[in-house]
Amino acid sequence: NVYIAFVMENDNGDAWIIDNVNVDEQCLQPTNLVVSGIGDTSVNLSWSNLSGATQGEIEYGPVGFTQGTGTLVTGVNTNNAYTLTGLTAATNYDFYVRPICGLYNVGPWSDSETFTTALCPASQQCDFVFRMTDDYGDGWNGNTMVVRQFGVVVVTLSLAANGPTNGDGPEDIVVPLCSNQPFELFWNTGGAYADEVGVTIIDPLGVQIYNKPFNTGTQGTVLFSGAALCTPPTCP
C-alpha cells in the first residue's frame, strides 16, 4: 500500500486549495532500439515500449547532434515502430525515443542509436560477400579495409582475433551495393603482419570476382575496382 498525505502547518486562517492531483505509474525509458529496412531516404525504427505508452516522440539528427537541436517527430503511435522519411542518402544519423504516458507523465529519452542511410534505394541494391581470412589464425592484427562506392565508405572490414571464427576465417561480411555502379576495395595503412591478410569478393551470383591470397597486395592501395553487377550477363 502507498499512502499519500497533504499536510498543512502553521495555518493563520488562509485558504488552502489542492487541484489537479494525478497519480501515474512511472513512464519508463524505451529500450532495444532497432533499425531495419534501411533505404536511401527512409528507415524503419522500432523499440521496446516498457510502459505501454500510447504516444511517443522521436528526435533525430546528424551523428553527435545535441538533443534539443534535432528534428522532433511527435504523435508516434502505439505500435512501437515508425518509418522515418525525408532523410539524406549516405548520411550517418542518431535518434532517440521517449514515451508519453499522459498529459503530465512524459518518460525519459532512450539512449541514442545510430544508423547510416543507403547510397541508393533498396530495389537498386544487391549483396556482395567479402570473405576475410588470416594465415596465422590470430585476426588481422589491426589491418583494415574499406569498401567505397560514390566516394563513400560503405563498410570497414577487419577480422578480429576473438570473432566468430576465432581469428582464422573464413568470415563473411555481406555488403549491399548499388547495382551497376563502380565500387572499390581499399586497404588502409596501419596494422601488423600484413602478409597474413587474405580477402575474397563474391558477387550475388556466387562468382568469385577477386581474391587476394596471403603475402600479396600492398597497404594504402586500391585492391579491387569494378562495377557492382547484380544481374547475370546475357551471354556469360
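**Exercise 1.** Are Cys 126 and Cys 230 buried or exposed?

*Solution.* Let us begin with the ground rules. This is a predicted model, in which local features need pLDDT of at least 70 and side-chain atom pairs count only at pLDDT 80 or more, while totals for chains, interfaces and linings use all residues. Residues are numbered from 1 along each chain as its sequence is written, and side-chain values use heavy atoms, with hydrogens and water left out.

Step 1: take the cut-offs. Buried means under 20% relative accessible area, exposed means over 50%, and partly exposed is in between (1.4 Å probe, protein chains only).

Step 2: apply them. Cys 126 and Cys 230 are both buried.

**Exercise 2.** Find the disulfides and describe where each one sits.

*Solution.* Step 1: count them. With a disulfide taken as a pair of cysteine sulfur atoms within 2.5 Å, the count comes to 3.

Step 1: look at Cys 126 and Cys 230, whose sulfur atoms are 1.8 Å apart. The torsion about their S-S bond is about -65°, so this disulfide is left-handed. Strands here are DSSP runs (E, at least two residues), numbered from the N terminus, and helices would be H or I runs of at least four.

Step 2: turn to Cys 27 and Cys 101, joined with an S to S distance of 2.0 Å. Their link is right-handed, with 80° about the S-S bond. Cys 27 is in the segment before β1 and Cys 101 in strand β6 (residues 92-102), 74 residues apart. Cys 27 counts as buried because its relative accessibility is 5%, whereas Cys 101, at 29%, is partly exposed.

Step 3: finish with Cys 120 and Cys 178, at 2.2 Å from S to S. A torsion of about -115° makes this disulfide left-handed. Cys 120 lies in the loop between β8 (113-116) and β9 (125-134), and Cys 178 in strand β12, so the pair ties together parts that are 58 residues apart in sequence. Both cysteines of this pair, Cys 120 and Cys 178, are buried.

Step 4: write the pattern. Numbered in sequence order, the bonded cysteines of the protein chain pair as 1-2, 3-5, 4-6.

**Exercise 3.** Describe the surroundings of Pro 30.

Step 1: Pro 30 counts as buried because its relative accessibility is 6%.

Step 2: list its contacts (heavy atoms within 4.5 Å). Leaving out residues up to four places away in sequence, Pro 30 touches Trp 47, Ser 48, Val 97, Arg 98, Pro 99, Pro 108 and Ser 110.

Step 3: compare sequence with space. Asn 10 is 20 residues from Pro 30 in sequence, and their C-alpha atoms are 44 Å apart.

**Exercise 4.** Which residue classes make up the lining of the largest pocket?

*Solution.* Step 1: sort by class. The lining has 13 nonpolar, 4 polar and no charged residues. Ala, Val, Leu, Ile, Met, Phe, Trp, Tyr, Cys and Pro count as nonpolar, Asp, Glu, Lys and Arg as charged, and the others, Gly among them, as polar.

Step 1: see which element gives the most. That is β12, with 5 residues.
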